[in-house]
Amino acid sequence: MNIRSLTRGDGVVIGAAVVLFIASFLDYSNFCPQGIDCARVDNPNAWDALGLLMSVFLAGVIGAALVIVGRAMPGRKIVGLDLGQFGTALTVFALWTAFWTILDVSDAGAGLILGLLASIVLAAGTVAGPLIPAFKAPLLSPASPAQGVGAGQAPYGAGPGQGYGFPAGQQQQPYGAQPSQGYGYPGAPQQGQPAQGDPAQAQQAQQPAQGGAAPAGEFTAFWFAVPVARPLYGEDGSPNPIAELAPGTWYLAVEQRGQSLIAQTQDGRRGVLQDTTGIQRG
């Protein structure tokens, strides 16, 4: 998973899950009988109580993992529920169990108290993440196109030495042009075009060249990034998304249909991006 595709809500979920896992190793009870040196009392932690471990600590951690995976890989389901929905249910169950457990334990230890607090934050992050705009914002700012390509590497969709559709890149040769030709390159003679030193032949070749100019409204492919995660639907009109475009990743727009764009992912899949508001063009 690309780390730049994480949202602030995902960061809250991951952080709460880490705290919850750490709390499982702390004492969940501070019980100390009278007349006994409490420093020598070895109080149990969650790993000594299988029911508490599975219903609070591991349930919350597993739920958080399912939420993150579900947002990175939309469409995956367990017993008819999306991974994100199933994970959210687990985090809410962990909070419910932790709340009633701490009421039942008279001498709650640091592990149980910290576990309850982490469960509250975890459940809030999974439920409110898709709803609150502040949680939908990218955890890390999107990289610029130049930062997204390493030194000596060509951007996605371009061969070595080419940068078709990529900012500050060289235009790719159009279909039908030979590598030795300069068709489409500024200052390079086209096939059959006379050299600059022959004005007569240049004047004769000027009129056919002008007649074959491309229409001004022709679509030009370009790179873009989305501000938040957005679904990519199939070109056949299917209501189920085929992929999810993640913030911080650059995608290639190959066609425009009304207000929608036909986008191509890194693995070569093409689909319709219906919501194009706020996209960043490269």
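Leaving aside its neighbours within four places in sequence, which residues is leucine 52 in contact with? They are Tyr28, Ala46, Phe57, Thr101 and Leu112. The model shown here is predicted. This briefing covers its nonpolar cores, one glycine, its aromatic pairs and its salt bridges.

**Nonpolar cores**

- The largest nonpolar core has 22 residues. Leu52 is among those with the most contacts inside this core, along with Phe57, Leu112 and Leu122.
- Four helices each supply at least two residues of this core: H1 (8–23), H2 (50–72), H3 and H4. H2 gives the most, with seven residues.
- A second, separate core has twelve residues, including Ala243, Ala246, Leu261 and Ala263.
- In soluble globular proteins, nonpolar side chains tend to be buried together.

**Glycine 125**

- Glycine 125 lies in helix H4 (residues 110–128). This glycine counts as buried because its relative accessibility is 1%, and the cut-off for buried is under 20%.
- Leaving aside neighbours within four places in sequence, glycine 125 is in contact with Val12, Val13, Arg71 and Phe135.
- Glycine 125 and alanine 64 are 61 residues apart along the chain. Their C-alpha atoms are separated by 9.4 Å.

**Aromatic pairs**

- The structure holds seven aromatic pairs. In one of them, the ring centres of tryptophan 96 and tryptophan 100 are 5.7 Å apart. Their planes meet at 65°, so this pair is edge-to-face; the cut-off is over 60 degrees.
- Both tryptophans belong to helix H3 (residues 83–104). They are four residues apart there, so about one helical turn separates them.
- Tryptophan 96 counts as exposed, at 56% relative accessibility. Tryptophan 100 counts as partly exposed, at 45%.
- Phenylalanine 219 and phenylalanine 222 form a tilted pair. Their centres are 5.9 Å apart, with 55° between the planes.
- Phenylalanine 219 is partly exposed, with a relative accessible area of 29%. Phenylalanine 222 counts as buried, at 8% relative accessibility.
- Ring pairs join Phe219 and Phe222 with Phe224 and Tyr251 in a cluster.
- Phenylalanine 222 also has a charge over its ring: the charged end of arginine 281 sits 3.7 Å from the ring centre.

**Salt bridges**

- How many salt bridges are there? The count comes to five.
- Side chains of opposite charge can pair when their charged atoms come close.
- Aspartate 275 and arginine 230 meet in a salt bridge of 3.5 Å, N to O. This pair links distant parts of the chain, 45 residues apart. Aspartate 275 is in the loop between strand S8 (270–273) and strand S9 (280–281), while arginine 230 is in strand S4 (residues 230–233).
- Aspartate 275 is partly exposed, with a relative accessible area of 37%. Arginine 230 is buried, with a relative accessible area of 8%.
- Glutamate 235 forms a salt bridge with arginine 270, and their closest N and O atoms are 3.4 Å apart. This pair also links distant parts of the chain, 35 residues apart. Glutamate 235 is in the loop between S4 and strand S5 (241–245), and arginine 270 is in strand S8.
- Glutamate 235 counts as partly exposed, at 34% relative accessibility. Arginine 270 counts as partly exposed, at 35%.
- Glutamate 255 forms a salt bridge with arginine 257, with the closest N and O atoms 3.3 Å apart. Glutamate 255 is partly exposed, with a relative accessible area of 29%. Arginine 257 counts as partly exposed, at 38% relative accessibility.
- Glu235, Glu255, Arg257 and Arg270 belong to one network, joined by salt bridges that share partners.

Methods. Residues numbered from 1 in each chain as written. Predicted model: local features only at pLDDT ≥ 70, side-chain atom pairs only at ≥ 80, totals over all residues. Heavy atoms only, no water. Phe/Tyr/Trp six-rings, centres within 6.5 Å; stacked < 30°, edge-to-face > 60°. Buried < 20%, exposed > 50% of the residue type's maximum accessible area, 1.4 Å probe, protein only. Lys NZ or Arg CZ within 6 Å of the ring centre and 35° of its normal. Contact = heavy atoms within 4.5 Å. Core = buried A, V, L, I, M, F, W, Y, C linked by side-chain atoms within 4.5 Å. Salt bridge = Lys/Arg side-chain N within 4 Å of Asp/Glu carboxyl O.
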